[in-house]
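Please report on the fold, charge pairs and surface of the structure shown here. Keep it brief and state the cut-offs.

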Amino acid sequence: QPPAQAGSGGGGGCSCALPRACTSAVLQVDGRFQFLWGIYRAHSRSEDEIVFPALESKKALRNVSHAYTLDHQQEEQLFVDLNDLITQLKQSPNVAAARRLTLDVRRSCAAVRASLETHVRSEESELWPLFSEHFSVEEQQYLVGVIIGRTGAQVLQTLLPWISESFTDDEKEAMMDSIRSVARNTMFDQWLGAVQVQKRASSLGAAGPSAEGSPKEAAQPPECGGSDHAAGSKGAAGRGAAAAGAAAPPPSGSSQCGGGGKGGKGGGDQ
């Protein structure tokens, strides 16, 4: 599951007149939704501003991405509608109203899930193969470097551990190798190495700072973005930077607040 940051969204805290358990569940749903929406925006922005213009620059690929741009506009509206429903749920005057709104949220989650799953499947089968066919390795490396550089270290710091949970050990290693090759000889590369050392130390039950930097130091991402990061390799890094947001699961509801279960699950593991 994505991080459950209660009340982290634009709607603030919960002002509903509900039992404490329900209030907590609503805030958890809101936190997960805001996380997903942020990752989706990073994903769609990377495609609209970097990936799609690159495709359109090839004569053989003119107008190939137009339908996906329209998808982004429609999906953004689905997110806006879901955000409005969650805001109403947070302001529910009573349990009966919360039950009704929970059902509306579940339906809206299902719509978001269906749209994103269709969108991602289409990209995987139609768009990604075009890069192998029409772009050199160097061109692919440049595009992935720009995507990672513009995504920002704070987003990557949250995104990478979460998305890698569904990977095998070999896939995780391939993804990290690709990202580090993109960021070679930059401050981001040094920070990423320190984070990996810290994670290994934590998994072994080590306490205190590691030989290559303290946990506190490793947890501070460098400023990311700009030409420093505009070189590297595609592979798992490109897919993580450009497509991970759309594979994220929508937030889950709570049966304690009515509605009898969870909202729609996304493509990733819960």
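Which side chain meets Arg-107 in a salt bridge? The partner is Asp-104, at 2.5 Å from N to O. A salt bridge here is a side-chain nitrogen of Lys or Arg within 4 Å of a carboxyl oxygen of Asp or Glu.

This is a predicted model, in which local features need pLDDT of at least 70 and side-chain atom pairs count only at pLDDT 80 or more, while totals for chains, interfaces and linings use all residues. Residues are numbered from 1 along each chain as its sequence is written, and side-chain values use heavy atoms, with hydrogens and water left out.

**Fold**

The protein has 9 helices and 0 strands. Its pattern along the sequence is α-α-α-α-α-α-α-α-α. Helices (H or I, at least four residues) and strands (E, at least two) are DSSP runs, numbered from the N terminus. Of the 270 residues, 47% count as buried. Buried means under 20% relative accessible area, exposed means over 50%, and partly exposed lies in between (1.4 Å probe, protein chains only).

**Salt bridges**

The count comes to 6 salt bridges. Among them are these pairs:

| Pair | N to O distance |
|---|---|
| Arg-41 and Glu-76 | 2.9 Å |
| Arg-107 and Asp-104 | 2.5 Å |
| Glu-117 and Arg-113 | 3.0 Å |

Arg-41 forms a salt bridge with Glu-76. This pair links distant parts of the chain, 35 residues apart: Arg-41 sits in helix α1 (residues 20-56) and Glu-76 in helix α2 (residues 66-90). Arg-41 is partly exposed, because its relative accessibility is 36%. Glu-76 is also partly exposed, at 22%.

Helix α3 (residues 95-134) holds Arg-107 and Asp-104. They are 3 residues apart, so about one helical turn separates them. Arg-107 counts as exposed because its relative accessible area is 53%.

Glu-117 and Arg-113 lie in helix α3 too, 4 residues apart, or about one turn of the helix. Glu-117 is partly exposed, with a relative accessible area of 23%. Arg-113 is partly exposed as well, at 32%. Elsewhere, salt bridges that share partners join Arg-100, Asp-104 and Arg-107 into one network.

**Surface charge**

Which residues gather in a patch of negative charge on the surface? They are Asp-169, Asp-170, Glu-171, Glu-173 and Asp-177. Patches are made of residues with over 30% relative accessible area and no salt bridge; like charges are joined within 9 Å, and nonpolar side chains (Val, Leu, Ile, Met, Phe, Trp, Tyr) within 5 Å. Asp-177 is found in helix α6 (residues 169-182). Its relative accessibility is 43%, so Asp-177 counts as partly exposed.

**Cysteines**

How many disulfides does a search of the whole structure find? The search finds 0. A disulfide is a pair of cysteine sulfur atoms within 2.5 Å. Cys-22 is buried, with a relative accessible area of 6%. Cys-109 is buried too, at 1% relative accessibility.

**A backbone detail**

Asn-63 is not a glycine, yet it has a positive phi of about 70 degrees. This residue lies in the loop between α1 and α2. Is Asn-63 buried or exposed? Asn-63 counts as exposed, because its relative accessibility is 64%.

How values were computed. Accessible areas come from the Shrake-Rupley method with a 1.4 Å probe; for residues, only the protein chains shown count as cover. Lys and Arg count as positive and Asp and Glu as negative; His and the chain ends are not counted. The place of a charge is taken as NZ of Lys, CZ of Arg, CG of Asp or CD of Glu.
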